[in-house]
Amino acid sequence: MTIETDIAALPPLKDIIREHKLDARRKLGQNFLLDLNLTGRIAREAMINPDQTVIEIGPGPGGLTRAILMTGAKQVIAIEKDPRAIAALQPLVEASQGRLRIIEGDALDISVHEYGSPDQPVQIIANLPYNIATPLLIGWLDHISHFSSLTLMFQREVAERIAASPNTGAFGRLSIICQWLTETRHCFDIPPSAFVPPPKVTSSVVRLVPRQAPLFPAKQDTLQHVAKTAFNQRRKMLRASLKSLGGQQLLDQAGISGEKRPEQLDIPDFCAIANALDNQKN
Ligand code: SAM
């Protein structure tokens with residue numbers, strides 16, 4: 001039997017949810033995607049490389065996991081916090097012909113990047129629990145060379161911040177660090193009605209593919225620090241918001257007007273400020 005027929009023979013997800021009393025819990029960000037067309041579409045967007053391990057965060061009842069396995073992944077490691085879901089996933093583990101491994105734990109405590117390396121990177125695919133989606137992403141960006149791609153579902157508002165251009169209200173620290181390190185693509189939106197239970201907001205699938213090298217030279221931690229400091233007071237002029245880092249003097253060294261507001265800068269401007277700050281320290 002092929003893995004596809006084994007998986008197709010499993011009970012429908014709604015029966016798995018009922019059998020394992022997997023009623024959705026808000027504190028775990030549980031909004032399950034049961035529509036096979038949509039889970040299949042996310043898995044296809046991920047462009048799974050069969051030679052690489054896929055890491056899934058929060059498999060829940062396993063809808064997206066099924067799609068990932070049926071789209072050709074040879075090895076999937078799925079990290080889930082809810083013990084009820086771990087039990088519900090056992091039939092899928094058995095049908096997976098050894099390709100699926102479940103790890104019970106909190107994704108915030110697990111060094112996911114250690115499953116990959118720059119020589120053997122892994123792919124992340126996830127319908128993320130919304131309450132921890134941004135901290136998870138920021139943590140993975142610190143080790144971006146360990147990943148070949150990240151195909152992630154967020155609230156649309158977060159997806160917009162990731163892909164935002166300068167001079168827009170959504171442009172900020174997340175846009176700078178994501179676009180500096182990766183090519184980001186907003187793939188498609190999914191309406192609340194597609195989930196069980198429906199969340200309050202629209203969701204978006206985003207694909208991030210690490211660049212060979214960052215867009216412009218800068219030190220990652222300095223760039224992050226500058227962006228965070230500037231956008232902490234996004235309505236203020238930079239000479240005020242960056243006062244703790246050297247204010248006008250730092251901006252003069254970077255060749256940036258102190259009268260601008262942070263959203264008026266582009267990523268090379270932020271890199272210039274980060275480099276000026278590092279030069280000051282040396
Ligand atoms: N992948 C499933 C789907 O698409 O239907 C479920 C997605 S649901 C939005 C988020 C999942 O993440 C839930 O299964 C939830 O239990 C799990 N989860 C929540 N917090 C977690 C954490 N800290 N670590 C690992 N999994 C977590």
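This is a predicted model: local features need pLDDT of at least 70, side-chain atom pairs count only at pLDDT 80 or more; totals for chains, interfaces and linings use all residues.
Q: Why is strand E9 called largely enclosed by the rest of the structure?
A: Buried means under 20% relative accessible area. Seven of the eight residues of strand E9, which spans 203-210, are buried, so the strand is largely enclosed.

Q: How do you know that strand E6 pairs with E9?
A: Two strands pair if DSSP finds at least two bridges between them. Six bridges join E6 (residues 147-155) to E9, and the two run antiparallel. Met153 stands opposite Val205 in E9. Phe154 stands opposite Ser204 in E9.

Q: What makes E7 and E9 a pair?
A: The cut-off is at least two bridges. Eight bridges join strand E7 (residues 182-190) to E9, so the pair meets the definition. These strands run antiparallel. Glu183 faces Val209, standing opposite that residue of E9.

Q: What is the order of the strands in the open sheet?
A: The order is E4-E3-E2-E5-E6-E9-E7, which gives seven strands with mixed pairing.

Q: Why are E4 and E7 called edge strands?
A: Strand E4 (100-104) and E7 each pair on one side only. On average, neighbouring strands of this sheet are turned by 20° against each other, direction ignored.

Q: What makes helix H7 a helix that packs on the sheet?
A: Contact means heavy atoms within 4.5 Å. Helix H7 (residues 133-141) touches strand E2 (54-57), strand E5 (122-127), E6 and E7. The direction of H7 makes about 165° with that of E6.

Q: Which strands does helix H8 lie across?
A: Helix H8 (residues 156-163) lies across E6, E7 and E9. H8 runs at about 135° to E6.

Q: How many cavities of 30 Å³ or more does a search of the whole structure find?
A: The search finds one. The largest cavity has a volume of about 30 Å³.

Q: Which residues line the largest cavity?
A: The lining consists of Leu10, Ile16, Pro61, Arg66, Ala88, Leu89, Pro91 and Leu92.

Terms used: Residues are numbered from 1 along each chain as its sequence is written. Side-chain values use heavy atoms; hydrogens and water are left out. Buried means under 20% relative accessible area, exposed over 50%, partly exposed in between (1.4 Å probe, protein chains only). Helices (H or I, at least four residues) and strands (E, at least two) are DSSP runs, numbered from the N terminus. On a 1 Å grid over the protein atoms alone, a cavity is a set of points where a 1.4 Å probe fits but cannot get out, and a pocket is an open set with protein on both sides within 12 Å along at least five of seven lines; lining residues have an atom within 4 Å of a point. Grid points are joined across faces, edges and corners, and a volume is the space filled by probe spheres set on the points. Axes are lines fitted to C-alpha atoms, for helices over the stretch in contact, and angles run from 0 to 180 degrees between N-to-C directions.
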